[in-house]
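Colleague: Could you take a close look at one part of this structure with me? I would like to hear how it sits among its surroundings.

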Amino acid sequence: MLNTENLIQEIKAKDVNPQYWDFKDNDKREHVHSMIKYPAVMVPNMQGEIFDIILKHDKDIQNVLDPFMGSGTILVEGLLRGLDVNGIDINPLSYLAVQVKLQNYNINILQKKSRELIKRINESSKYKLFEFENIDKWYKKDVIDQLSHIRSEILNETSLKYRQLFWLTFAEIAKQADNSRTSTFKLHIKESQDIEHSNFNCISNFQYKLFENITAISDYKKMLSKDKSKVHIMYGDSIKLLSDRRVFKPNSIDLVITSPPYGDNATTITYGQFSVLPLRWIPLQDISNKVSENVIKTLSNIDKNSLGGNKYSVHSILESDLFLYSEKFSSLYNKLSADMQIEKARKVASFLLDFEKVISSLHTLVKQGKFMVFTVGNRHVNDEEVPFDAILSSIAEHYGFKVIYDFRRNILKNKTYVDTKAQNFKGIKKETVIVLKKI
(Lines give C-alpha, C1' and ligand atoms only; values in the text may rest on other atoms or scores of the structure.)
Protein backbone atom coordinates (compact mmCIF):
# COMPACT_ATOMS: atom_id res chain seq x y z
CA MET A 1 0.00 0.00 0.00
CA LEU A 2 1.22 3.51 -0.86
CA ASN A 3 2.59 5.41 2.12
CA THR A 4 2.51 9.08 1.16
CA GLU A 5 4.33 10.14 4.31
CA ASN A 6 7.34 7.99 3.45
CA LEU A 7 7.45 9.53 -0.03
CA ILE A 8 7.36 13.04 1.45
CA GLN A 9 10.08 12.18 3.96
CA GLU A 10 12.41 10.92 1.21
CA ILE A 11 11.99 14.16 -0.77
CA LYS A 12 12.50 16.18 2.40
CA ALA A 13 15.69 14.28 3.23
CA LYS A 14 17.22 15.32 -0.09
CA ASP A 15 15.83 18.84 0.25
CA VAL A 16 17.90 19.34 3.45
CA ASN A 17 20.74 20.26 1.10
CA PRO A 18 19.45 23.50 -0.49
CA GLN A 19 21.53 22.87 -3.64
CA TYR A 20 20.60 19.20 -4.09
CA TRP A 21 17.83 19.76 -6.64
CA ASP A 22 19.98 22.18 -8.65
CA PHE A 23 21.84 19.15 -10.06
CA LYS A 24 24.80 21.44 -10.60
CA ASP A 25 27.22 18.64 -11.50
CA ASN A 26 24.67 16.25 -12.93
CA ASP A 27 22.72 18.22 -15.55
CA LYS A 28 24.11 16.68 -18.74
CA ARG A 29 21.83 15.94 -21.66
CA GLU A 30 22.87 12.50 -22.81
CA HIS A 31 21.73 10.05 -25.54
CA VAL A 32 18.49 11.27 -27.25
CA HIS A 33 18.16 14.20 -24.82
CA SER A 34 21.00 15.80 -26.80
CA MET A 35 19.46 15.53 -30.27
CA ILE A 36 18.12 19.07 -30.53
CA LYS A 37 18.42 22.29 -28.58
CA TYR A 38 15.04 23.45 -27.33
CA PRO A 39 14.03 26.39 -25.13
CA ALA A 40 13.83 26.04 -21.33
CA VAL A 41 14.45 22.31 -21.24
CA MET A 42 14.12 20.23 -18.08
CA VAL A 43 17.15 18.67 -16.38
CA PRO A 44 16.78 14.95 -17.22
CA ASN A 45 18.60 13.58 -14.17
CA MET A 46 16.65 15.84 -11.82
CA GLN A 47 13.31 14.74 -13.28
CA GLY A 48 14.58 11.15 -13.27
CA GLU A 49 15.20 11.44 -9.54
CA ILE A 50 11.59 12.55 -9.03
CA PHE A 51 10.42 9.60 -11.12
CA ASP A 52 12.47 7.15 -9.07
CA ILE A 53 11.25 8.43 -5.69
CA ILE A 54 7.59 8.24 -6.70
CA LEU A 55 7.96 4.82 -8.37
CA LYS A 56 9.73 3.50 -5.27
CA HIS A 57 6.75 4.35 -3.09
CA ASP A 58 3.96 3.63 -5.59
CA LYS A 59 4.49 0.25 -7.26
CA ASP A 60 1.25 0.41 -9.27
CA ILE A 61 2.22 3.17 -11.71
CA GLN A 62 2.03 1.96 -15.30
CA ASN A 63 1.82 5.20 -17.29
CA VAL A 64 2.84 8.85 -17.24
CA LEU A 65 1.42 11.94 -18.97
CA ASP A 66 3.17 15.18 -19.91
CA PRO A 67 0.58 17.59 -21.37
CA PHE A 68 3.35 20.06 -22.33
CA MET A 69 5.95 17.60 -23.57
CA GLY A 70 8.35 20.09 -25.21
CA SER A 71 11.49 18.23 -26.23
CA GLY A 72 10.24 15.03 -24.57
CA THR A 73 12.38 14.83 -21.42
CA ILE A 74 9.63 13.26 -19.31
CA LEU A 75 8.58 10.77 -21.97
CA VAL A 76 12.16 9.66 -22.63
CA GLU A 77 12.73 9.15 -18.88
CA GLY A 78 9.38 7.38 -18.55
CA LEU A 79 10.28 4.85 -21.25
CA LEU A 80 13.59 4.18 -19.53
CA ARG A 81 11.55 3.11 -16.49
CA GLY A 82 9.28 0.83 -18.51
CA LEU A 83 6.20 3.07 -18.37
CA ASP A 84 3.63 3.73 -21.06
CA VAL A 85 4.02 7.38 -22.03
CA ASN A 86 1.51 10.02 -23.15
CA GLY A 87 2.46 13.49 -24.40
CA ILE A 88 0.93 16.56 -26.02
CA ASP A 89 2.37 19.72 -27.54
CA ILE A 90 1.08 22.42 -29.86
CA ASN A 91 4.51 23.15 -31.36
CA PRO A 92 5.17 21.07 -34.52
CA LEU A 93 8.93 21.09 -33.83
CA SER A 94 8.29 19.57 -30.41
CA TYR A 95 6.09 16.90 -31.97
CA LEU A 96 8.74 16.08 -34.58
CA ALA A 97 11.48 15.88 -31.96
CA VAL A 98 9.53 13.56 -29.67
CA GLN A 99 8.44 11.34 -32.57
CA VAL A 100 12.06 10.84 -33.55
CA LYS A 101 13.34 10.31 -30.01
CA LEU A 102 10.75 7.64 -29.26
CA GLN A 103 10.78 6.02 -32.71
CA ASN A 104 11.97 2.43 -33.00
CA TYR A 105 14.85 2.62 -35.47
CA ASN A 106 16.89 -0.23 -36.88
CA ILE A 107 20.40 1.10 -36.34
CA ASN A 108 21.90 -0.80 -39.29
CA ILE A 109 19.27 0.55 -41.65
CA LEU A 110 19.65 4.03 -40.17
CA GLN A 111 23.41 3.97 -40.70
CA LYS A 112 22.97 2.72 -44.28
CA LYS A 113 20.39 5.36 -45.16
CA SER A 114 22.50 8.09 -43.56
CA ARG A 115 25.56 7.10 -45.57
CA GLU A 116 23.45 7.14 -48.73
CA LEU A 117 22.08 10.59 -47.87
CA ILE A 118 25.54 12.03 -47.25
CA LYS A 119 26.79 10.48 -50.48
CA ARG A 120 23.91 12.02 -52.45
CA ILE A 121 24.59 15.43 -50.91
CA ASN A 122 28.30 15.24 -51.71
CA GLU A 123 27.86 13.97 -55.26
CA SER A 124 24.73 15.72 -56.55
CA SER A 125 24.71 19.21 -58.00
CA LYS A 126 21.16 19.52 -59.33
CA TYR A 127 18.72 21.11 -56.92
CA LYS A 128 16.47 24.15 -56.78
CA LEU A 129 16.94 26.97 -54.31
CA PHE A 130 14.16 26.81 -51.77
CA GLU A 131 12.10 29.92 -51.10
CA PHE A 132 9.76 31.33 -48.47
CA GLU A 133 8.76 34.84 -47.49
CA ASN A 134 11.71 36.88 -46.12
CA ILE A 135 14.13 33.98 -46.49
CA ASP A 136 16.85 36.46 -47.54
CA LYS A 137 16.38 38.34 -44.29
CA TRP A 138 16.92 35.30 -42.08
CA TYR A 139 19.55 33.40 -44.11
CA LYS A 140 22.65 34.34 -46.07
CA LYS A 141 22.78 33.35 -49.74
CA ASP A 142 25.40 30.66 -49.25
CA VAL A 143 23.39 29.21 -46.36
CA ILE A 144 20.21 29.15 -48.47
CA ASP A 145 22.15 27.30 -51.17
CA GLN A 146 23.53 24.67 -48.77
CA LEU A 147 20.27 24.15 -46.90
CA SER A 148 18.39 23.83 -50.21
CA HIS A 149 20.92 21.21 -51.28
CA ILE A 150 20.47 19.15 -48.11
CA ARG A 151 16.70 19.55 -48.21
CA SER A 152 16.41 18.30 -51.79
CA GLU A 153 18.28 15.10 -50.93
CA ILE A 154 16.31 14.43 -47.75
CA LEU A 155 13.17 14.55 -49.89
CA ASN A 156 14.59 11.62 -51.89
CA GLU A 157 14.43 9.36 -48.83
CA THR A 158 11.39 7.09 -49.29
CA SER A 159 10.83 6.04 -45.67
CA LEU A 160 8.93 8.62 -43.60
CA LYS A 161 10.33 7.66 -40.21
CA TYR A 162 13.94 7.90 -41.42
CA ARG A 163 13.10 11.11 -43.25
CA GLN A 164 11.78 12.50 -39.94
CA LEU A 165 15.13 11.87 -38.28
CA PHE A 166 16.86 13.67 -41.13
CA TRP A 167 14.42 16.59 -40.76
CA LEU A 168 15.10 16.86 -37.03
CA THR A 169 18.83 16.95 -37.72
CA PHE A 170 18.22 19.49 -40.48
CA ALA A 171 16.13 21.65 -38.12
CA GLU A 172 19.02 21.93 -35.68
CA ILE A 173 21.38 23.04 -38.46
CA ALA A 174 18.84 25.48 -39.94
CA LYS A 175 18.46 27.04 -36.50
CA GLN A 176 22.21 27.38 -35.99
CA ALA A 177 22.63 28.90 -39.46
CA ASP A 178 19.96 31.62 -39.30
CA ASN A 179 20.59 35.35 -38.85
CA SER A 180 18.75 35.64 -35.54
CA ARG A 181 20.53 36.60 -32.32
CA THR A 182 21.29 33.76 -29.94
CA SER A 183 20.75 35.87 -26.79
CA THR A 184 16.97 35.42 -26.91
CA PHE A 185 14.48 32.83 -28.14
CA LYS A 186 12.55 35.63 -29.81
CA LEU A 187 13.59 36.34 -33.40
CA HIS A 188 15.75 39.46 -33.50
CA ILE A 189 18.04 40.01 -36.48
CA LYS A 190 21.77 40.17 -35.82
CA GLU A 191 23.83 43.26 -36.53
CA SER A 192 24.73 43.48 -40.22
CA GLN A 193 28.47 43.16 -39.53
CA ASP A 194 27.87 40.00 -37.50
CA ILE A 195 25.89 38.48 -40.36
CA GLU A 196 28.54 39.48 -42.88
CA HIS A 197 31.37 37.93 -40.87
CA SER A 198 29.54 34.70 -40.04
CA ASN A 199 30.83 31.57 -41.75
CA PHE A 200 28.74 28.45 -41.15
CA ASN A 201 29.17 25.33 -43.24
CA CYS A 202 25.74 23.70 -43.22
CA ILE A 203 26.75 20.53 -45.04
CA SER A 204 29.66 19.55 -42.80
CA ASN A 205 27.71 20.47 -39.66
CA PHE A 206 24.71 18.47 -40.85
CA GLN A 207 26.89 15.43 -41.46
CA TYR A 208 28.48 15.71 -38.03
CA LYS A 209 25.13 16.19 -36.27
CA LEU A 210 23.53 13.31 -38.14
CA PHE A 211 26.18 10.84 -37.02
CA GLU A 212 25.96 12.28 -33.51
CA ASN A 213 22.20 11.67 -33.52
CA ILE A 214 22.64 8.10 -34.73
CA THR A 215 24.96 7.47 -31.78
CA ALA A 216 22.42 9.06 -29.42
CA ILE A 217 19.63 6.77 -30.68
CA SER A 218 21.87 3.71 -30.48
CA ASP A 219 22.88 4.52 -26.89
CA TYR A 220 19.25 5.05 -25.87
CA LYS A 221 18.09 1.78 -27.43
CA LYS A 222 20.66 -0.11 -25.36
CA MET A 223 19.28 1.47 -22.17
CA LEU A 224 15.65 0.54 -22.82
CA SER A 225 14.13 -2.55 -21.23
CA LYS A 226 13.01 -5.36 -23.52
CA ASP A 227 9.36 -4.90 -22.54
CA LYS A 228 7.60 -2.83 -25.17
CA SER A 229 5.99 0.23 -23.60
CA LYS A 230 3.15 2.04 -25.35
CA VAL A 231 3.81 5.49 -26.81
CA HIS A 232 0.89 7.89 -27.29
CA ILE A 233 1.94 11.37 -28.41
CA MET A 234 -0.34 14.00 -29.90
CA TYR A 235 0.09 17.24 -31.77
CA GLY A 236 -2.42 19.86 -30.73
CA ASP A 237 -4.04 21.97 -28.02
CA SER A 238 -3.74 20.45 -24.53
CA ILE A 239 -7.01 22.04 -23.43
CA LYS A 240 -8.97 20.37 -26.23
CA LEU A 241 -7.20 17.01 -26.17
CA LEU A 242 -7.32 16.54 -22.40
CA SER A 243 -11.06 17.21 -22.38
CA ASP A 244 -11.77 14.84 -25.29
CA ARG A 245 -12.98 11.49 -23.88
CA ARG A 246 -12.21 9.82 -27.19
CA VAL A 247 -8.53 10.60 -26.52
CA PHE A 248 -8.29 10.14 -22.74
CA LYS A 249 -10.61 8.07 -20.58
CA PRO A 250 -11.53 9.21 -17.05
CA ASN A 251 -9.32 7.77 -14.31
CA SER A 252 -6.79 6.45 -16.83
CA ILE A 253 -3.59 8.27 -15.82
CA ASP A 254 -1.28 7.04 -13.04
CA LEU A 255 1.18 9.93 -12.97
CA VAL A 256 1.55 13.42 -14.42
CA ILE A 257 4.98 15.06 -14.56
CA THR A 258 5.36 18.28 -16.51
CA SER A 259 6.78 21.77 -16.74
CA PRO A 260 4.11 24.01 -18.27
CA PRO A 261 4.84 27.40 -19.86
CA TYR A 262 5.45 30.08 -17.23
CA GLY A 263 3.02 32.44 -18.98
CA ASP A 264 1.69 33.12 -22.45
CA ASN A 265 4.45 32.34 -24.93
CA ALA A 266 4.43 35.78 -26.55
CA THR A 267 5.70 37.47 -23.37
CA THR A 268 7.75 34.69 -21.75
CA ILE A 269 9.52 31.94 -23.67
CA THR A 270 8.66 32.23 -27.36
CA TYR A 271 8.81 28.52 -28.24
CA GLY A 272 7.01 29.22 -31.51
CA GLN A 273 9.31 31.98 -32.71
CA PHE A 274 12.29 29.82 -31.82
CA SER A 275 10.88 27.02 -33.98
CA VAL A 276 9.24 28.72 -36.95
CA LEU A 277 12.25 29.24 -39.25
CA PRO A 278 13.38 25.58 -39.24
CA LEU A 279 9.75 24.52 -39.70
CA ARG A 280 9.43 26.65 -42.85
CA TRP A 281 12.04 24.45 -44.52
CA ILE A 282 10.30 21.16 -43.63
CA PRO A 283 7.26 19.73 -45.47
CA LEU A 284 4.73 19.85 -42.64
CA GLN A 285 2.94 16.70 -43.82
CA ASP A 286 6.15 14.85 -42.91
CA ILE A 287 5.56 15.90 -39.29
CA SER A 288 1.80 15.26 -39.16
CA ASN A 289 -1.16 15.63 -41.49
CA LYS A 290 -2.77 17.62 -38.65
CA VAL A 291 -0.21 20.44 -38.94
CA SER A 292 -1.61 23.29 -41.00
CA GLU A 293 0.52 25.61 -43.11
CA ASN A 294 -1.20 28.44 -41.24
CA VAL A 295 0.83 27.71 -38.09
CA ILE A 296 4.02 28.93 -39.76
CA LYS A 297 2.45 31.69 -41.83
CA THR A 298 3.59 34.33 -39.34
CA LEU A 299 6.38 34.29 -36.78
CA SER A 300 3.90 34.36 -33.91
CA ASN A 301 1.09 31.98 -34.89
CA ILE A 302 2.37 29.02 -32.85
CA ASP A 303 2.64 31.19 -29.76
CA LYS A 304 -0.80 32.70 -30.35
CA ASN A 305 -2.28 29.20 -30.43
CA SER A 306 -0.71 28.31 -27.07
CA LEU A 307 -2.10 28.84 -23.55
CA GLY A 308 -3.18 32.46 -23.08
CA GLY A 309 -2.68 33.28 -26.73
CA ASN A 310 -6.24 34.53 -27.08
CA LYS A 311 -7.14 37.19 -24.53
CA TYR A 312 -10.25 36.89 -22.38
CA SER A 313 -12.55 39.88 -21.96
CA VAL A 314 -12.35 41.87 -18.74
CA HIS A 315 -15.91 40.81 -17.96
CA SER A 316 -15.18 37.09 -18.29
CA ILE A 317 -12.06 37.45 -16.11
CA LEU A 318 -13.92 39.21 -13.31
CA GLU A 319 -16.75 36.66 -13.51
CA SER A 320 -14.40 33.65 -13.45
CA ASP A 321 -14.25 31.23 -10.53
CA LEU A 322 -10.49 31.72 -10.39
CA PHE A 323 -10.95 35.40 -9.61
CA LEU A 324 -13.18 34.41 -6.68
CA TYR A 325 -11.22 31.55 -5.08
CA SER A 326 -7.57 32.60 -5.68
CA GLU A 327 -6.62 35.62 -3.60
CA LYS A 328 -3.14 35.68 -5.18
CA PHE A 329 -4.63 35.87 -8.66
CA SER A 330 -7.28 38.52 -7.89
CA SER A 331 -4.73 40.61 -5.98
CA LEU A 332 -2.26 40.56 -8.89
CA TYR A 333 -4.97 41.32 -11.45
CA ASN A 334 -6.31 44.23 -9.40
CA LYS A 335 -2.79 45.63 -8.87
CA LEU A 336 -1.98 45.60 -12.59
CA SER A 337 -5.37 47.11 -13.40
CA ALA A 338 -4.92 49.85 -10.79
CA ASP A 339 -1.60 50.69 -12.45
CA MET A 340 -3.52 51.04 -15.74
CA GLN A 341 -1.77 47.96 -17.15
CA ILE A 342 -5.06 46.55 -18.42
CA GLU A 343 -3.66 44.66 -21.40
CA LYS A 344 -0.89 43.09 -19.33
CA ALA A 345 -3.45 42.11 -16.70
CA ARG A 346 -5.58 40.49 -19.40
CA LYS A 347 -2.59 38.54 -20.79
CA VAL A 348 -1.70 37.19 -17.35
CA ALA A 349 -5.32 36.33 -16.60
CA SER A 350 -5.90 34.69 -19.99
CA PHE A 351 -2.96 32.35 -19.50
CA LEU A 352 -4.06 31.38 -15.99
CA LEU A 353 -7.68 30.83 -17.00
CA ASP A 354 -6.52 28.57 -19.83
CA PHE A 355 -4.25 26.75 -17.40
CA GLU A 356 -7.19 26.28 -15.01
CA LYS A 357 -8.97 24.33 -17.78
CA VAL A 358 -5.97 21.99 -18.01
CA ILE A 359 -6.04 21.27 -14.26
CA SER A 360 -9.80 20.70 -14.38
CA SER A 361 -9.35 18.05 -17.10
CA LEU A 362 -6.39 16.44 -15.33
CA HIS A 363 -8.53 15.92 -12.22
CA THR A 364 -10.89 13.82 -14.34
CA LEU A 365 -8.06 11.81 -15.91
CA VAL A 366 -5.78 11.14 -12.91
CA LYS A 367 -6.66 8.12 -10.78
CA GLN A 368 -7.64 8.48 -7.14
CA GLY A 369 -4.62 8.72 -4.82
CA LYS A 370 -2.15 9.28 -7.67
CA PHE A 371 0.34 12.12 -8.13
CA MET A 372 1.10 15.11 -10.33
CA VAL A 373 4.44 16.94 -10.28
CA PHE A 374 4.74 20.44 -11.76
CA THR A 375 7.98 22.37 -12.22
CA VAL A 376 7.13 26.07 -12.60
CA GLY A 377 8.75 29.51 -12.53
CA ASN A 378 7.44 32.88 -11.39
CA ARG A 379 7.94 35.60 -13.98
CA HIS A 380 7.56 39.35 -13.49
CA VAL A 381 5.06 41.62 -15.25
CA ASN A 382 5.36 45.37 -14.80
CA ASP A 383 7.81 44.71 -11.92
CA GLU A 384 5.17 42.57 -10.20
CA GLU A 385 5.97 38.91 -9.57
CA VAL A 386 3.37 36.53 -10.95
CA PRO A 387 3.15 33.89 -8.17
CA PHE A 388 2.44 31.05 -10.56
CA ASP A 389 3.44 28.45 -7.96
CA ALA A 390 0.90 29.74 -5.42
CA ILE A 391 -1.84 30.22 -8.02
CA LEU A 392 -1.24 26.73 -9.46
CA SER A 393 -1.52 25.29 -5.95
CA SER A 394 -4.81 27.10 -5.34
CA ILE A 395 -6.22 25.93 -8.69
CA ALA A 396 -5.18 22.33 -8.01
CA GLU A 397 -6.68 22.34 -4.51
CA HIS A 398 -9.89 23.87 -5.84
CA TYR A 399 -10.26 20.93 -8.23
CA GLY A 400 -9.54 18.19 -5.70
CA PHE A 401 -5.76 17.81 -5.43
CA LYS A 402 -3.69 18.30 -2.29
CA VAL A 403 -0.23 19.86 -2.22
CA ILE A 404 1.79 17.30 -0.28
CA TYR A 405 5.18 18.99 -0.73
CA ASP A 406 6.95 21.71 -2.69
CA PHE A 407 10.55 22.81 -2.92
CA ARG A 408 12.71 25.33 -4.77
CA ARG A 409 15.63 24.85 -7.11
CA ASN A 410 18.02 27.29 -8.76
CA ILE A 411 18.17 27.56 -12.53
CA LEU A 412 21.93 27.47 -12.91
CA LYS A 413 21.96 28.28 -16.61
CA ASN A 414 19.33 30.89 -17.31
CA LYS A 415 17.58 29.02 -20.10
CA THR A 416 14.48 31.18 -19.69
CA TYR A 417 16.22 34.35 -20.86
CA VAL A 418 14.19 36.91 -22.75
CA ASP A 419 14.97 40.39 -24.01
CA THR A 420 14.40 42.44 -20.85
CA LYS A 421 14.50 45.80 -22.62
CA ALA A 422 11.89 44.78 -25.12
CA GLN A 423 9.57 43.06 -22.69
CA ASN A 424 10.14 44.65 -19.25
CA PHE A 425 10.86 41.17 -17.96
CA LYS A 426 13.16 39.87 -15.24
CA GLY A 427 14.93 36.58 -15.88
CA ILE A 428 13.58 33.62 -13.89
CA LYS A 429 16.34 32.28 -11.64
CA LYS A 430 14.39 29.80 -9.51
CA GLU A 431 11.81 27.13 -10.11
CA THR A 432 9.29 25.59 -7.74
CA VAL A 433 8.57 21.87 -7.86
CA ILE A 434 5.06 21.11 -6.59
CA VAL A 435 3.97 17.55 -5.71
CA LEU A 436 0.20 17.06 -5.76
CA LYS A 437 -2.01 14.11 -4.86
CA LYS A 438 -5.57 13.52 -6.03
CA ILE A 439 -7.69 13.17 -2.90
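Modeller: Happy to! A residue counts as buried when its relative accessible area is under 20%, with a 1.4 Å probe and protein chains only. Please keep in mind that this is a predicted model.

Now for the partners of E5. Strand E4, residues 253-258, runs parallel to E5, and five bridges join the two. One place to look is Ile253, whose bridge partner in E5 is Val366. Strand E9, residues 430-438, pairs with E5 as well, here in the antiparallel sense and over seven bridges. For this pairing, find Val376, which stands opposite Thr432 in E9.

Staying with E4, have a look at Asp254, which is found in that strand. Is this residue buried or exposed? At 1% relative accessibility, Asp254 counts as buried, because the cut-off for that word is under 20%. The side chain of Asp254 reaches the backbone nitrogen of Gln62 at 2.8 Å. Leaving aside neighbours within four places in sequence, Asp254 is in contact with Lys367, Lys370 and Phe371, among others. The list of its contacts also includes Asp60, Ile61, Gln62 and Asn63.

The helix I promised is H4, residues 92-102. Eleven of its eleven residues are buried, so H4 is largely enclosed by the rest of the structure. Among the buried residues are Pro92, Ser94, Tyr95, Gln99 and Lys101. At the N-terminal end, Asn91 caps H4, with a side-chain oxygen 3.0 Å from the backbone nitrogen of Leu93.

By type, the lining of the largest cavity divides into 18 nonpolar, twelve polar and four charged residues.

Terms used:
Residues are numbered from 1 along each chain as its sequence is written. This is a predicted model: local features need pLDDT of at least 70, side-chain atom pairs count only at pLDDT 80 or more; totals for chains, interfaces and linings use all residues. Side-chain values use heavy atoms; hydrogens and water are left out. Buried means under 20% relative accessible area, exposed over 50%, partly exposed in between (1.4 Å probe, protein chains only). Helices (H or I, at least four residues) and strands (E, at least two) are DSSP runs, numbered from the N terminus. A polar contact is a pair of N or O atoms within 3.5 Å; within protein, one must be able to donate a hydrogen and the other to accept it, and residues adjacent in sequence count only if both atoms are side-chain atoms. Two strands pair if DSSP finds at least two bridges between them. Contact means heavy atoms within 4.5 Å. Ala, Val, Leu, Ile, Met, Phe, Trp, Tyr, Cys and Pro count as nonpolar, Asp, Glu, Lys and Arg as charged, and the others, Gly among them, as polar.
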